Amino acid sequence: MRIKQRLDDFRVRELLADGILQPSGEHRVYRVTKRKLTSLEAARELAAVAGVPAGEVALAGLKDRQGVTIQFMSIRRGREVNLRALDLTVESVGYADAALESRHSLGNAFEITLRGSEHDLLLYVLEGLAAEGYLIDLAPTGVDELRMIARASAAGGAWGRETASAGGA
């Protein structure tokens, strides 16, 4: 089984708690989609475009450099930002009453493409993830290729079924 053969083989989408995003508030919230950047590198880029020191960017969580990740960041009284670059997209998506922090995140939705035909190993991995509280959906995407969609809670509990197509998050 081969994991992370291509950049898009590993996708993570941060899940904010209900009610965090508001139509108005003290802190502007941005959706940040990044590739080949750490969360802190992306936060520095957002700060530069927004004209604030990097330390003023708040995050609900840190995400992996490898793969495609979607996460949320906030800036107190931040300005409208819509950035489209090769490895970074930032868009204003609303407001929050407070700076984002880990308690605002429900966890992450993962989409992982596995390549190869080691089905016994795959089943072993999936059983282990299910035992840890991950909800798993599998979708064949080609010969000896499978996309796994998992959702995990930061609190470790199982919650409603995450739905996503095999084509993307």
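**Close-up views of a predicted model**

View 1. Ser92 is placed in strand 7. The model shown here and in the other views is predicted. Ser92 has a relative accessible area of 17% and is therefore buried, the cut-off being under 20%. A polar atom of the Ser92 side chain lies 3.0 Å from the backbone nitrogen of Val81. Leaving out residues up to four places away in sequence, Ser92 touches Arg28, Val29 and Tyr30, together with Arg79, Glu80, Val81 and Asn82.

**View 2. The whole chain, for orientation.** The chain contains 2 helices and 10 strands. Along the sequence these follow the pattern β-β-β-α-β-β-β-β-β-α-β-β. The chain has 169 residues, of which 43% count as buried. Of the contacts between residues at least 6 apart in sequence, 76% join residues at least 24 apart. The accessible surface comes to about 9,000 Å², and 51% of this surface belongs to carbon and sulfur atoms.

**View 3. The largest nonpolar core.** This core has 16 residues, and Leu46, Met73 and Val90 touch the most other members. At least two residues of the core come from each of strand 3 (27-35), helix 1 (39-50), strand 4 (57-59), strand 5 (68-76) and strand 7 (88-96). Helix 1 supplies the largest share, 5 residues. In soluble globular proteins, nonpolar side chains tend to be buried together.

View 4. Apart from neighbours within four places in sequence, Met73 is in contact with Arg28, Val29, Tyr30, Val32, Ser39, Ala42, Ala43, Leu46, Val57, Ala58, Leu59 and Leu100. A second, separate core has 7 residues, among them Ile20, Val29, Ala96 and Leu100.

**View 5. Salt bridge between Glu91 and Arg31.** The side chains of Glu91 and Arg31 form a salt bridge with an N to O distance of 3.1 Å. Glu91 belongs to strand 7 and Arg31 to strand 3, so this pair links distant parts of the chain, 60 residues apart. Arg31 counts as partly exposed, at 29% relative accessibility.

**View 6. Salt bridge between Asp87 and Lys36.** Here the N to O distance between the two side chains is 3.9 Å. Asp87 is in the loop between strand 6 (82-84) and strand 7, and Lys36 is in the loop between strand 3 and helix 1, so the pair ties together parts 51 residues apart in sequence. Asp87 is partly exposed, with a relative accessible area of 23%. Lys36 is also partly exposed, with a value of 47%.

**View 7. Further salt bridges.** The structure holds 8 salt bridges. In one of them, Arg103 pairs with Glu101, with the closest N and O atoms 2.6 Å apart. Arg103 is exposed, with a relative accessible area of 59%, whereas Glu101 is partly exposed, at 35%. Glu26, Arg76 and Arg77 are linked in a network of salt bridges.

**View 8. Ser105 in strand 8.** Ser105 lies in strand 8, which covers residues 105-115. Ser105 is buried, with a relative accessible area of 15%. The Ser105 side chain reaches the backbone nitrogen of Gly107 at 3.2 Å. Not counting residues up to four places away in sequence, Ser105 touches Glu14, Leu15 and Ala60.

**View 9. A nonpolar surface patch.** Leu121, Tyr124 and Val125 form a nonpolar patch on the surface, and together they have about 300 Å² of accessible area. Val125 lies in helix 2 (residues 119-131). Val125 is partly exposed, with a relative accessible area of 34%.

Methods
Residues are numbered from 1 along each chain as its sequence is written. This is a predicted model: local features need pLDDT of at least 70, side-chain atom pairs count only at pLDDT 80 or more; totals for chains, interfaces and linings use all residues. Side-chain values use heavy atoms; hydrogens and water are left out. A nonpolar core is a set of buried Ala, Val, Leu, Ile, Met, Phe, Trp, Tyr and Cys residues joined through side-chain atoms within 4.5 Å. Buried means under 20% relative accessible area, exposed over 50%, partly exposed in between (1.4 Å probe, protein chains only). Helices (H or I, at least four residues) and strands (E, at least two) are DSSP runs, numbered from the N terminus. Contact means heavy atoms within 4.5 Å. A polar contact is a pair of N or O atoms within 3.5 Å; within protein, one must be able to donate a hydrogen and the other to accept it, and residues adjacent in sequence count only if both atoms are side-chain atoms. Patches are made of residues with over 30% relative accessible area and no salt bridge: like charges are joined within 9 Å, nonpolar side chains (Val, Leu, Ile, Met, Phe, Trp, Tyr) within 5 Å. Accessible areas come from the Shrake-Rupley method with a 1.4 Å probe; for residues, only the protein chains shown count as cover. A salt bridge is a side-chain nitrogen of Lys or Arg within 4 Å of a carboxyl oxygen of Asp or Glu.
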